[in-house]
Amino acid sequence: MSLLQKLKNSVRKRSIHVSFVDTASCNGCDIEILACLAPRYDLEQYGIYVHNNPRDADVLLVVGAVTEQWIDKLPMLWDKIPEPKVAIAIGNCAISGCVFHRPGSYTDPPVSKHIPVALSIPGCPPRPDEIIQAILAVAPIAFKDYEKKL
Amino acid sequence: MTSLSAYLSHMLRAEWIRSFFLVKTKPLTKPAYFMDYPIDTGKRCTHCFSCMMICPVPDAISVLMVGETEGEDIWKPVLYQGHCIRCGLCVEICPERVLASGDIIERVRQDSTYMQSTFHILVNEGKCAGCGTCSIACPVNKEIDPILASKGTTTSDEVIMRVKAGVMRVLHEEKCTGCKTCVLHCSYQAMDVARVIECLQYESDDETSATNEGG
């Protein structure tokens with residue numbers, strides 16, 4: 001591996017751009033994600049930057065059991081993210097549907113049914129440090145030498 | 001040219017490079033009192049199914065027979081991450097203290113609280129097709145009548161419920177442990193187990209008599 005490639009990879013490790021989408025959660029996981037931005041956890045010191053527009057992001061954090069209205073919109077949103085990209089399912093709702101996955105409910109969990117999910121963080125809700133650790137763990141693997149994978 | 005040199009002199013500062021590549025504070029870790037996923041303490045599980053009964057989430061915990069030693073079955077509660085919401089109720093209710101999570105057991109001992117429960121099996125006769133899936137799925141039934149576990153039919157009247165003359169009959173409601181296995185296995189959503197759970201506290205001076213402090 002050339003020196004330039006090593007430098008590129010180490011910079012990529014410290015430049016992770018995330019965007020998050022709430023496909024109908026109870027708001028618990030959203031609050032935990034917002035807690036990551038606060039000074040106590042301080043996402044940006046790890047090189048994680050949050051964007052409102054998925055076109056600016058590389059990592060999509062998906063929260064919530066997918067409701068009927070999100071079934072066609074979530075893949076559309078996923079397609080808007082430029083390569084390389086990963087999706088992380090946060091919370092039990094995104095992984096299994098949990099309490100919302102019952103007969104007669106208007107949800108269609110899990111998220112992995114609709115978009116490819118690289119990693120899932122269980123918990124109801126997961127702690128902010130669990131979320132940060134997961135993003136930091138998956139991003140270097142996903143973005144390492146990505147131009148050679150094309 | 002001046003802008004380029006200004007850019008380089010700004011970006012090549014040791015302080016800037018250090019702050020870019022190094023994290024300022026260590027990542028925070030979970031505190032000791034945090035109620036994480038329950039862990040196995042290694043104590044012997046008596047498969048009373050209390051944890052399955054109290055669990056508010058479908059499919060989050062199941063008590064399984066994992067092996068056998070010296071002719072005795074080994075049972076273990078198995079937790080499913082992605083379903084478990086870490087409420088800690090299974091830890092609190094377990095009479096053998098098989099599970100542990102955070103400082104729940106310590107707090108229960110301090111407050112000297114315990115839980116008491118009664119169950120009512122409700123069968124919606126309009127929906128029930130009399131297929132008997134619930135009586136075959138029931139882990140208590142399987143233990144009472146081993147023939148039911150192996151063959152799927154029973155003539156015993158000691159079981160909690162069974163199909164009699166094409167109709168589901170609840171025979172021994174008092175034997176129910178409230179584990180909700182029948183509710184999850186019913187194809188017609190005809191079963192319901194009403195769980196009445198009271199949280200009680202021992203009187204501080206007398207450890208044997210209990211007073212009702214509300215549920």
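Chain B has a radius of gyration of 26 Å, whereas a compact globule of 215 residues would have one near 17 Å; this radius is taken over C-alpha atoms, and the globule rule is 2.2 Å times the number of residues to the power 0.38. The structure is a predicted model, in which local features need pLDDT of at least 70 and side-chain atom pairs count only at pLDDT 80 or more, while totals for chains, interfaces and linings use all residues. Residues are numbered from 1 along each chain as its sequence is written, chains are lettered from A and ligands numbered from 1 in the order in which they are written, and side-chain values use heavy atoms, with hydrogens and water left out.

Taken along the principal axes, the C-alpha atoms of chain B fill a box of roughly 95 × 50 × 45 Å. Chain B contains 9 helices and 9 strands (DSSP runs numbered from the N terminus, with H or I and at least four residues for helices, and E and at least two for strands). Of its 215 residues, 33% are buried, where buried means under 20% relative accessible area, exposed over 50%, and partly exposed in between, with a 1.4 Å probe and protein chains only. Among contacts in chain B between residues at least 6 apart in sequence, 57% join residues at least 24 apart; a contact means heavy atoms within 4.5 Å.

Two domains are assigned in chain B, namely domain 1 (36–111) and domain 2 (112–215), with bounds that come from an automatic or database domain assignment. The centres of domain 1 and domain 2 of chain B, taken over C-alpha atoms, are separated by 19 Å. Across the two, 16 residues of domain 1 of chain B are in contact with 17 residues of domain 2 of chain B.

B:P31 is placed in the loop between α2 (14–21) and β1 (39–40) of chain B. With a relative accessibility of 25%, B:P31 counts as partly exposed.

The largest pocket holds about 910 Å³ of space. On a 1 Å grid over the protein atoms alone, a cavity is a set of points where a 1.4 Å probe fits but cannot get out, whereas a pocket is an open set with protein on both sides within 12 Å along at least five of seven lines; lining residues have an atom within 4 Å of a point. Grid points are joined across faces, edges and corners, and a volume is the space filled by probe spheres set on the points. The largest pocket is lined by 36 residues, of which B:P58, B:D59, B:K180, B:V183 and B:L184 are the closest to its centre. In chain B, β2 (61–69), α7 (139–144), α9 (181–185) and β8 (191–202) each supply at least two residues of this lining. The lining of the largest pocket comprises 22 nonpolar, 7 polar and 7 charged residues; Ala, Val, Leu, Ile, Met, Phe, Trp, Tyr, Cys and Pro count as nonpolar, Asp, Glu, Lys and Arg as charged, and the others, Gly among them, as polar. Both domain 1 (36–111) and domain 2 (112–215) of chain B give residues to the lining of the largest pocket, so this pocket lies between them.

The second largest pocket has a volume of about 170 Å³. Its lining includes B:S50, B:I93, B:P95 and B:Y114. Elements that give two or more residues to this lining are α3 (50–54), α4 (89–93) and β5 (113–123) of chain B, and β5(B) gives the most, with 4 residues. By class, the lining of the second largest pocket has 7 nonpolar, 3 polar and 2 charged residues. This pocket too receives lining residues from domain 1 (36–111) and domain 2 (112–215) of chain B, so it lies between them. Not counting residues up to four places away in sequence, B:S50 touches B:I93 and B:P95.

Chain A has 6 helices and 5 strands, which run α-β-α-β-β-α-β-α-β-α-α from the N terminus on. The radius of gyration of chain A is 16 Å, close to the 15 Å that the globule rule gives for 150 residues, so chain A is as compact as a globular protein of that length. Its C-alpha trace spans about 55 × 35 × 20 Å along the principal axes. Of the 150 residues of chain A, 49% count as buried. In helix α2 (residues 28–37) of chain A, the buried residues are A:G28, A:C29, A:D30, A:E32, A:I33 and A:C36. The buried residues of α2(A) pack against β1 (16–22), β3 (59–63), β4 (86–90) and α5 (128–143) of chain A.
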